[in-house]
Amino acid sequence: METTSSTPSSVTPPWDVFPQKTLDSIDIAVLVLYFLFVLAVGLWSMWKTQRSTVKGYFLAGGQMVWWPVGASLFASNVGSGHFIGLAGSGAASGIAATAYEWNGMFCVLVLAWLFLPIYIAAGVTTMPEYLRKRFGGKRIQMFLAILYLFIYIFTKISVDMYAGALFIQQALHWDLYIAVAGLLAITAVYTVAGGLAAVIYTDALQTFIMLIGAVTLMVFSFVEVGGLEGLQTKYFDAIPSTRKENSSCGLPREDAFHIFRDPVNSDLPWPGVLVGMTIPSLWYWCTDQVIVQRSLAAKNLSHAKGGSLMTSYLKILPLFMMVMPGMISRILFPDLVACADAEICRKICGNPSGCSDIAYPKLVIELLPVGLRGLMMSVMIAALMSSLTSIFNSASTIFTMDLWKHFRPRCSEWELMIVGRVFVLLLTVVSILWIPLVQAGQGGQLFIYIQSISSYLQPPVAMVFILGCFWKRANEKGAFWGLVIGLLLGVIRLVLDFIYPEPQCGEIDLRPGVVKYMHYLYFSMVLAAISTLTVLVVSMLTEPPSEEMKFQLLGHLYQLSY
């Protein structure tokens, strides 16, 4: 039975979450200055670096020092999806999503100390290329290149576009297509022209802007609720005034301030956090093209390690900069951010599953004074641009070096450079066309949506890389079938998740057992185990890597497969 109390005071009848229709002239001036500054840094880096060769364009000439590498790793990782998604998860369920960030703190160090020496010794530009050199044959390289492009478009580009669109459309009331096309045009200019060097230097600037803006909003937020103590007390009272009686709908979780939660009934069970989360995290930080490409651009291994250390320290901050402000947004605007009635949620944000994703934009618009609001707009746009440019650059590297070179093995360096640039432009167009699909398929908690897809597609790839680097007996057949069987199971679970979506609060759960009872983090563990067993069994049952392959790899690679 529903208690339909009077319309809450914090919500006007049209349910307009962001009533302010235009930015003040000072905010617009700050935004314009920001865009000019980014373009200036992008153009400066274009003239400063050599970009007329493949290594110069795709790996910044291998001349980057540690701090731009570290800043670029952080900016590539923390896109607008992080600001919207982590704050939304904080508002909906507390601090547990922080585990993803803190897991990354350690995995980025594993990259620099264990994986990177192998990649450098192999002399590779892309991750699929490493597997070709390690195992021989072309099919794994092709398979992985296509899979990486698929993951980039379906998780990374689409999620960042949705998060950026949410901000631009709802908070700024700009025309979505014009705004996004304008943003992408600016990013495409220096990504196409300047290559990785331009992306890394602008990422360093974006990181600086993101940290200043996010810390400023964090301070305003904590002052508003009376510090950490106020947050811990008031969060449990942040209940919407309209909700179903005799149910937990709309109530904050009792374990909201726990990272390690019940292994059976919670939203993020602790064994899954420790093991199931680490596997996709290792894929992301140690074998993803976006991340590894930045580390390979460092002038030597010491600078790459310095960059990873810097990123690791910065990964401590999202709990305080994003998750806790999201929780504070729920305290300040419970009827909007924590809405528990499907009809009301649809009126507020167009999503019957819940409106926790508006937590961060709402905080920016309501709490910050004129001028600082423009700064925070710059931060959100910086987050969107930095992650998109990173994906564009890395996707074009994979397409050019793994797919194009396969079909035109004798192509010139000049042709590769042209193809790389044209592919960035193509991705820009795809991103704009992607917006309506992303808007239609938005989930209640954006960050959790990304992580669940990651848990279905990434574990088989992670295990093949780990076995390829650290077990000499692994061969091409084992690696190929480990990938195929693992990804087939992952795709089946992914399809089941889309056919049987999680029921809304108060509804009966009619999903099949494998979806209902097996958390996606537990499924990640099972998937990794099956992929590993497949690689082990097939490798042992088939011929070992050939003597020719051993001889070819002995000089610089094979002995580095520890």
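# A guided tour of a predicted helical model

Begin by selecting helix H5 (residues 98-122) and helix H13 (residues 301-314), whose axes come within 8 Å and cross at roughly 165 degrees. The two helices are therefore roughly antiparallel to each other, and H5 passes H13 in a right-handed crossing. To display the contact, show Met 105, Val 108, Leu 109, Ala 112, Trp 113, Leu 116, Pro 117 and Ile 120 of H5 together with Leu 301, Ala 304, Lys 305, Ser 308, Leu 309, Thr 311 and Ser 312 of H13.

**The whole chain**

The secondary structure of the protein chain comes to 25 helices and 0 strands. Of its 562 residues, 59% count as buried. Among contacts between residues at least 6 apart in sequence, 84% join residues at least 24 apart.

**The nonpolar core**

Which residues have the most contacts inside the largest nonpolar core? Select Phe 83, Tyr 119, Tyr 130, Tyr 148, Leu 231, Tyr 360 and Phe 465; the core to which they belong has 158 residues. In soluble globular proteins, nonpolar side chains tend to be buried together.

Next, centre the view on Tyr 119. Leaving aside neighbours within four places in sequence, Tyr 119 is in contact with Leu 111, Val 124, Met 127, Tyr 130, Cys 286, Thr 287, Val 292, Leu 296 and Phe 465. Two of these partners, Tyr 130 and Phe 465, are also listed among the core residues with the most contacts.

**Around helix H18**

Select helix H4 (residues 80-93) and helix H18 (residues 372-407), which pack at an angle of about 120 degrees with their axes 6 Å apart. H4 and H18 are therefore oblique to each other. Here Ser 80, Phe 83 and Ile 84 in H4 meet Val 379, Met 380, Ala 383, Leu 384 and Ser 387 in H18.

The axes of H17 and H18 are 9 Å apart, and the packing angle is about 155 degrees. This pair is therefore roughly antiparallel, and the crossing is left-handed. Tyr 360, Val 364 and Ile 365 of H17 make the contact with Arg 373, Met 376, Met 377 and Met 380 of H18.

Move to helix H22 (residues 476-499), where 24 residues reach 34 Å from the first C-alpha to the last, close to the 34 Å expected at 1.5 Å a residue. The buried residues of H22 include Phe 480, Leu 483, Leu 487 and Leu 494.

Not counting residues up to four places away in sequence, Arg 493 touches Tyr 456, Val 514, Val 515, Met 518, His 519, Tyr 520 and Phe 523.

**A loop to finish**

Finally, select Phe 236, in the loop between helix H9 (227-234) and helix H10 (270-276). At 32% relative accessibility, Phe 236 counts as partly exposed. Its C-alpha atom is separated by 7.9 Å from that of Glu 254, 18 residues apart along the chain. Beyond its neighbours within four places in sequence, Phe 236 is in contact with Pro 252, Arg 253, Glu 254, Ala 256 and Phe 257.

Technical notes. Residues numbered from 1 in each chain as written. Predicted model: local features only at pLDDT ≥ 70, side-chain atom pairs only at ≥ 80, totals over all residues. Heavy atoms only, no water. Helix = DSSP H or I, 4+ residues; strand = E, 2+ residues; numbered from the N terminus. Expected span 1.5 Å × (residues − 1). Buried < 20%, exposed > 50% of the residue type's maximum accessible area, 1.4 Å probe, protein only. Core = buried A, V, L, I, M, F, W, Y, C linked by side-chain atoms within 4.5 Å. Contact = heavy atoms within 4.5 Å. Axes fitted to C-alpha atoms, helices over the stretch in contact; angles between N-to-C directions. Parallel < 35°, antiparallel > 145°, perpendicular 65-115°, else oblique. Left-handed = near helix turned anticlockwise from the far one by under 90°.
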